[in-house]
Amino acid sequence: FSFMVRDSGDVGVVFRLHDEFNYYAFEVNQKPGYKRFRKVKKGKSKILAEIRDGGLIQDKWYNVTFFI
């Protein structure tokens with residue numbers, strides 16, 4: 001998928017959603033400066049990958065592909 005952020009703060013997408021306790025999420029936060037891939041199973045959250053590279057640049061398009 002592709003996305004652009006117009007404002008500072010957080011952005012994310014949830015996918016493979018089974019219910020509120022079982023899903024995957026991709027999160028980006030500009031303030032702490034990370035991109036994170038998270039799995040939630042039976043309500044327990046686990047960070048599968050995290051990059052602390054400054055987060056993102058406003059008004060720039062990003063293309064993201066997940067292989068699970």
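Me: Contact means heavy atoms within 4.5 Å; with that in hand, what share of the contacts between residues at least 6 apart in sequence joins residues at least 24 apart?
Reply: In this protein the share is 31%. The structure is a predicted model, in which local features need pLDDT of at least 70 and side-chain atom pairs count only at pLDDT 80 or more, while totals for chains, interfaces and linings use all residues. Residues are numbered from 1 along each chain as its sequence is written, and side-chain values use heavy atoms, with hydrogens and water left out.

Me: Where in the protein is confidence lowest, and where is it highest?
Reply: With pLDDT being the predictor's confidence in each residue, from 0 to 100, the mean is lowest in strand 1 (residues 2-4), at 81, and highest in strand 5 (residues 44-51), at 96. Over the protein the mean is 87, and 97% of the residues reach 70 or more.

Me: What makes up the secondary structure, and how many strands are there?
Reply: There are 6 strands and 0 helices, so the elements run β-β-β-β-β-β from the N terminus, given that a strand is a DSSP run of E with at least two residues and a helix a run of H or I with at least four.

Me: Why is G55 called buried?
Reply: Its relative accessibility is 4%, and buried means under 20% (exposed is over 50%, partly exposed lies in between, with a 1.4 Å probe and protein chains only), so G55 counts as buried. G55 sits in the loop between strand 5 and strand 6 (61-63), and, leaving aside neighbours within four places in sequence, G55 is in contact with V28, N29, G33, Y34 and K35. Across the protein, buried residues make up 29% of the 68 residues.

Me: Which residues form the largest nonpolar core?
Reply: The core, a set of buried Ala, Val, Leu, Ile, Met, Phe, Trp, Tyr and Cys residues joined through side-chain atoms within 4.5 Å, has 10 residues, namely F3, V5, F15, Y24, F26, V28, F37, L56, Y62 and V64. Strand 3 (residues 22-29) contributes the largest share of this core, with 3 residues.

Me: Why is R16 called exposed?
Reply: At 55% relative accessibility, R16 passes the cut-off and therefore counts as exposed. R16 belongs to strand 2 (residues 10-19), and has a positive phi of about 50° although it is not a glycine. Most residues other than glycine have a negative phi.

Me: Is K42 buried or exposed?
Reply: With a relative accessible area of 69%, K42 is exposed. K42 lies in the loop between strand 4 (34-41) and strand 5, and its phi is positive, at about 55°, although K42 is not a glycine.

Note on methods
Contact = heavy atoms within 4.5 Å.
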